[in-house]
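Q: Could we go through a structure together, with each feature read first as a general idea and then as a case?

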Amino acid sequence: MTKSSASSTKLLLVLLCIIMIGAAFYFGFKNFNDQAKEIEAENVTLDAQIEPLQEKVNNIPTYKAETEANNKKIMEIANKYGAGYTPESLIKKYLEMEEECELELSNVIYTNSSILYQDTNVDTAEGKGLTAYGTEVNVSAVTTYAGFKSFCDFINDYTERTTFDNLSLSVSEAGFNISATIKEYAMIGLDNKSYEAPEFENKEFGVDNIFGDLASDELGTLVH
């Protein structure tokens, strides 16, 4: 190989290396450039999301205050409801109403309770939220005009929420005939209220054994 051809070969190799380096740089740069554009576009999208998220973070104290205020309002409303009712508690209530309003109750019919409202997101001690129940009580009674007004006051002023769903009045020789559908309300889940069974004074209800038979000693007592 001549000196001239050797120089040409070296020059060709150098040129080839330059082309390879240039191609690698070009395609590598292009790839990185495309990735950079994708990252830049992603950053623009993320920047657009950061602002409202940061605003929400800044408003956390406001959200907490509003939540506490709303929970307080809910509990103020809820506290107007009773902690629960059972047949015996309603019996006592209507016995008190009969005596206080000078009514002669001829008919009291209780319906099954139904859920009126439920919110499991309200903070309560048991963590089960609040559930409001309602039941209708159909009442028929006879009273005087004064007794009728007292009857309306009793429902209106009762400590636990009670309302009229329907009320009609007629007059006969017996007096003022009342026919009313009364809605009883209760709220289950209140932290500061729990149901307490009523106590009856000088009144006995039930036979303690409604599905059983007379015992032999009871029979003996009856016979003798």
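Predicted model: local features only at pLDDT ≥ 70, side-chain atom pairs only at ≥ 80, totals over all residues.

Q: Which share of the contacts in the chain joins residues 24 or more positions apart, and how many of the residues are buried?

A: Among contacts with a separation of 6 or more, 69% are between residues 24 or more positions apart. Of the 224 residues in the chain, 21% are buried. The accessible surface amounts to about 16700 Å², and carbon and sulfur atoms contribute 56% of that area.

Q: How does one read the span of a helix, and what does helix α2 reach from its first C-alpha to its last?

A: The idea is to set the end-to-end distance beside the span expected at 1.5 Å a residue. Helix α2, residues 60–78, has 19 residues and reaches 26 Å, close to the expected 27 Å.

Q: Which residues of α2 are buried, and which exposed residues does the opposite face carry?

A: The buried residues in α2 are N71, M75 and A78. They cover an arc of only 60° around the axis, which puts them on the same side of α2. The face turned away from that buried side carries K72, K73 and I77, which are exposed. The cover over the buried residues of α2 includes the strands β3 (130–143) and β5 (175–188).

Q: How does helix α4 read by comparison, and which of its residues are buried?

A: The steps are taken in turn again. Buried in α4 are G147, F148, F151, F154 and I155. Seen down the axis, these buried residues fall within an arc of 115°, and they therefore line one face of the helix. On the other side of α4 the exposed residues are A146, N156 and D157, while what covers the buried ones includes α3 (87–100), β3, β4 (162–172) and β5.

Q: What does L90 touch beyond its sequence neighbours?

A: L90 lies in helix α3 and is buried, with a relative accessible area of 7%. Not counting residues up to four places away in sequence, L90 touches Y85, Y110, T135 and E184. Distance along the chain and distance in space can also be set side by side: L90 and P198 are 108 residues apart in sequence, yet their C-alpha atoms are 9.3 Å apart.

Q: Which residues form a nonpolar patch on the surface?

A: The patch is formed by V57, I60 and Y63, which together have about 260 Å² of accessible area. Of these, I60 has its place in helix α2, and because its relative accessibility is 37%, I60 counts as partly exposed.

Conventions
Residues numbered from 1 in each chain as written. Heavy atoms only, no water. Helix = DSSP H or I, 4+ residues; strand = E, 2+ residues; numbered from the N terminus. Expected span 1.5 Å × (residues − 1). Buried < 20%, exposed > 50% of the residue type's maximum accessible area, 1.4 Å probe, protein only. Arc of directions from axis to C-beta. Contact = heavy atoms within 4.5 Å. Areas by Shrake-Rupley, 256 points an atom, 1.4 Å probe, with all protein chains shown as cover. Patch = residues over 30% accessible without salt bridge, like charges linked within 9 Å, V, L, I, M, F, W, Y side chains within 5 Å. Salt bridge = Lys/Arg side-chain N within 4 Å of Asp/Glu carboxyl O.
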